[in-house]
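Please read this briefing alongside the sequence and the three-dimensional view, which are shown next. The notes that follow are grouped by topic.

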Amino acid sequence: MESNHPILGDLTADQFLAEYWQKKPLLIRNAIPNFEPPIDGNDLAGLSLEAEVESRLVIGDDWALEHGPFKESRFASLPEHNWSLLVQGVDLWVPEVAALLSSFDFLPSWRVDDIMVSYAEDGGNVGPHFDYYDVFLIQGEGQRHWRIGQQCSEADLHTDSTALKILKNLEVTDEWTLNPGDMLYLPPKIAHHGVAIGQCTTFSVGFRAPAATEMLDDLATELLSRDITPNHLQDPPLTAAMAKEPISGAYIQQVKELLQQTLDDDQMLGEWFAQFMTEPKYPSLVGMTEELRSASLENRPVTGSEISHNHYLNGQKQD
């Protein structure tokens, strides 16, 4: 019998994946017993001074947004309450933060994006919003009060001048106060809003969820780099009257079939996908971060041949 996973409370990994993953939120109390956060607010502020580190400040009730790197003097001039510092990819700079990823071994490592760490003074928050990716929110120092709500889309966002994607409304379905070591899992598109109670840190383990447009852009580059005999668009059956008519649905069908023929190669798609999903988060900084992203791909065997695997590291196929 499969035992409960250490970070998932009374659930096995398979139970969590079947019942919650990309389906519904889950609060796990004491997911990391006696959790001692590996980084604090001062450490995070120090990281945000570095040009190579992606960081943001969110300040006040109107969620004013500033991008780093910051100067030390900026922190001295911040208000006493109601601000947050967010730093992306902290796992790439702090090995003790990266060690948290071992707790999520029930998910493919190439799905992980990064661990973002936020520090907030009392009342600090980034507004009610939603994300397009799965995230595990681990409470570090202090407490944060979370309210979660409805399934969202772009239509639910404010259209005003704020640089953050703030929801027009949050229809609260549940709310909890998280203590150190508690963890909240949120699937994509679920409305949520977390507000610091006193000083607090939150560790956000986020997962890659590339948009179809992003994937198509990268795939097009891959196709152009390969020595593939191109297929070309041909006309559907035509009539003379069609010369002066709008583009017909028959042409659109031809385009769809042409693109589907081009993509009808599972081996090629698999190779591209393995490269795409193991691309480093910050390719130009690999020399500094020593980031390693890897995956293996099962090759589609020719009839009668044995199954083999290709291995990929940081977007490159390995010999």
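Val58 stands opposite Leu65 in strand E3. The model is predicted, so local features need pLDDT of at least 70 and side-chain atom pairs count only at pLDDT 80 or more, while totals for chains, interfaces and linings use all residues. Residues are numbered from 1 along each chain as its sequence is written, and side-chain values use heavy atoms, with hydrogens and water left out.

**Hairpin**
- Strands E2 (residues 55–59) and E3 (residues 64–67) pair in the antiparallel sense over four bridges, where pairing requires that DSSP finds at least two bridges between two strands and a strand is a DSSP run of at least two residues, numbered from the N terminus.
- Four residues lie between E2 and E3 in this hairpin, and Gly60 takes a positive phi near 80°.

**Nonpolar cores**
- The largest nonpolar core has 43 residues, and those with the most contacts inside it include Phe16, Ile39, Leu85 and Val90; a core is a set of buried (under 20% relative accessible area, 1.4 Å probe, protein chains only) Ala, Val, Leu, Ile, Met, Phe, Trp, Tyr and Cys residues joined through side-chain atoms within 4.5 Å.
- Strand E5 (residues 112–120) gives the most to this core, with four residues.
- Leaving aside residues up to four places away in sequence, Val90 touches Ile39, Leu44, Leu47, Val97, Ile115 and Val117, a contact being heavy atoms within 4.5 Å.

Terms used:
Buried < 20%, exposed > 50% of the residue type's maximum accessible area, 1.4 Å probe, protein only.
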